[in-house]
Amino acid sequence: MPKAITLPATLSWGILVAAIIGMLLNGPNAVRVFQHATDTSQMSEYVPLAVVKLLAVAFIVVGFVITLKIPRNAVGWSFIGVGAGFGVFSAITDGMVLAELPGVAHSSIWNSIVGLPDFLSLFSLVLMLIALQLFPDGRLLDSGRIWVGVAGFTVVSGLLGAVSQGANEFAVVPFLGDLPSDYRFLHVGDTTQQVLQASVSVAALIAFLGTAASVVVRYRTGTPELREQIKWVALAAVAVVIVIAIDVATPHHPLIDAVDGVVITFVPIAAGIAILKYRLYDVDVLISRTLVYGPLTATLAGTYTAAIVFFRLVF
């Protein structure tokens, strides 16, 4: 008897299809931004945008697989949320860059949402930390209230970051530098803004350290089988903390952003290794569907690549 189609499965498929459609619709914009970067020798500015696109695909695909296997596991939906946040961030940033190019019809809509990418990246990072704290069973560690506190502090650090961004009159956009942000909802003095930014840096560092500690403790206290399953995720979490610490301690630079993005990509890759190689989430059943998921992932990446090439040739 065929298995009934459930609401979570329908939602997962719907999100995946929406992601594919979104990438196809954004294909022409992505190509033109790439051409602009090539023509103006600004590839260092373009690389972070390309990495964000990779992040979006990786998180959505892994989240899709998890939600299909265990719909009640919050890790899968968190991964999908992270991917969606990065995907929308990328699309909006492409649009804003194009709106400022010579000979392109300018739309006021980009002025009204210029601060949104900063909030989306913040949302995605906070959700990624929560997903790591919940990995792999969708629950926090049971040893006392400390890990509930870490999760709560992670959310608070995200809210503090949102307040800091809301007090900042400028948003940083690749290629364009600092642009006036209409998302400013809190008007404070320079000293207060500096205090907010310093507080966000410290809070973010603590949240990342707490997340890495959570994954490492789960690894050290787990069964031998669990250790095999999550060791790569633990390594990825530690690597993310290291690069974020370097990012916080050094001046902003596009290449540092690109390195951050590449290292963050290790998180969904590590989760994928745990799923495929170490039989996480009942991988025996998953392997039986490899003929579906493998081509699906390849189709997702291949379709996007083909669209980029096609639009580059046409436009």
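A: Happy to. Helix 7 holds 32 residues and spans 46 Å from first C-alpha to last, close to the 46 Å expected at 1.5 Å a residue (the expected span is 1.5 Å times one less than the number of residues; helices are DSSP runs of H or I, at least four residues, numbered from the N terminus). This is a predicted model, in which local features need pLDDT of at least 70 and side-chain atom pairs count only at pLDDT 80 or more, while totals for chains, interfaces and linings use all residues. Residues are numbered from 1 along each chain as its sequence is written, and side-chain values use heavy atoms, leaving out hydrogens and water.

Among the buried residues of helix 7 are Gln 193, Leu 196, Phe 208 and Arg 218 (buried is under 20% relative accessible area, exposed over 50%, partly exposed in between, with a 1.4 Å probe and protein chains only).

Now for the core. The largest nonpolar core has 61 residues, and Phe 59, Phe 79 and Val 267 are among those with the most contacts inside it (such a core joins buried Ala, Val, Leu, Ile, Met, Phe, Trp, Tyr and Cys residues through side-chain atoms within 4.5 Å). Helix 7 is one of the elements giving two or more residues to this core, and the largest share, 12 residues, comes from helix 2. Beyond its neighbours within four places in sequence, Val 267 is in contact with residues including Phe 59, Met 128 and Val 240 (contact means heavy atoms within 4.5 Å).
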